[in-house]
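Please work through the following exercises with the sequence and the model open beside you, and try each task before reading its solution.

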Amino acid sequence: NIDLKMVANKVGVHPVTLSKAFSLRADVSFNFYLKYLRCMHATDLIRNENMTFAQIAYESGFGSIRSFNRAFIELFGVTPSHYKESAFI
């Protein structure tokens with residue numbers, strides 16, 4: 001589980017400093033980018049593994065199925081189950 005505070009500690013800067021620097025360079029917030037990476041990992045698991053959505057959510061770093069579903073819909077416009085159905089058509 002990666003978060004802003006952990007990365008800031010590893011880099012040796014304050015979380016706010018890291019967040020501002022990341023946003024300036026990447027043009028998105030650290031948290032949005034992390035959500036994006038987690039959802040991309042989840043898409044790989046959905047396509048290639050035989051796991052429940054709860055397992056995929058936790059394996060991808062989400063704290064709950066609800067937060068996983070919300071993030072997935074925000075980024076891809078569909079629920080994980082709809083994504084799975086369309087990925088195998």
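Predicted model: local features only at pLDDT ≥ 70, side-chain atom pairs only at ≥ 80, totals over all residues.

Residues are numbered from 1 along each chain as its sequence is written, and side-chain values use heavy atoms, with hydrogens and water left out.

**Exercise 1.** Determine how helix H3 and helix H5 are placed relative to each other, and list the residues through which they meet.

Solution. Two packed helices are described by the angle between their axes and the distance between the axes. Helices are DSSP runs (H or I, at least four residues), numbered from the N terminus, and an axis is a line fitted to C-alpha atoms over the stretch in contact, with angles running from 0 to 180 degrees between N-to-C directions. For H3 (residues 30-48) and H5 (residues 65-76), the axes come within 10 Å and cross at roughly 95 degrees. The two helices are therefore roughly perpendicular, given that angles under 35 degrees count as roughly parallel, over 145 as roughly antiparallel, 65 to 115 as roughly perpendicular and the rest as oblique. In the next step, contact (heavy atoms within 4.5 Å) is found for Phe32, Lys35, Tyr36, Cys39, Met40, Ala42, Thr43 and Ile46 of H3, and for Phe68, Ala71, Phe72, Glu74, Leu75 and Phe76 of H5. Sorted by type, these residues give 11 nonpolar, 1 polar and 2 charged, where Ala, Val, Leu, Ile, Met, Phe, Trp, Tyr, Cys and Pro count as nonpolar, Asp, Glu, Lys and Arg as charged, and the others, Gly among them, as polar.

**Exercise 2.** Classify the aromatic pair of Phe22 with Tyr33 and that of Phe72 with Tyr83.

Solution. Rings of Phe, Tyr and Trp (its six-membered ring) pair if their centres lie within 6.5 Å, and planes under 30 degrees apart count as stacked, over 60 as edge-to-face and the rest as tilted. The structure holds 8 such pairs. Phe22 and Tyr33 lie 5.6 Å centre to centre with 45 degrees between the planes, a tilted pair, and because Phe22 is in H2 and Tyr33 in H3, this pair ties together parts 11 residues apart in sequence. Phe22 is partly exposed at 22%, and Tyr33 is partly exposed at 36%. The ring centres of Phe72 and Tyr83 are 5.5 Å apart and the planes are at 75 degrees, so this pair is edge-to-face. Phe72 is buried at 0%, and Tyr83 is buried at 17%.

**Exercise 3.** Describe the surroundings of Phe62.

Solution. Phe62 lies in the loop between helix H4 (53-59) and H5 and is buried at 8% relative accessibility. Leaving aside residues up to four places away in sequence, Phe62 touches Lys35, Arg38, Cys39, Ala57, Ser67, Phe68 and Ala71. Phe62 also forms one aromatic cluster with Phe68, Phe72, Phe76 and Tyr83.

Methods:
Buried < 20%, exposed > 50% of the residue type's maximum accessible area, 1.4 Å probe, protein only.
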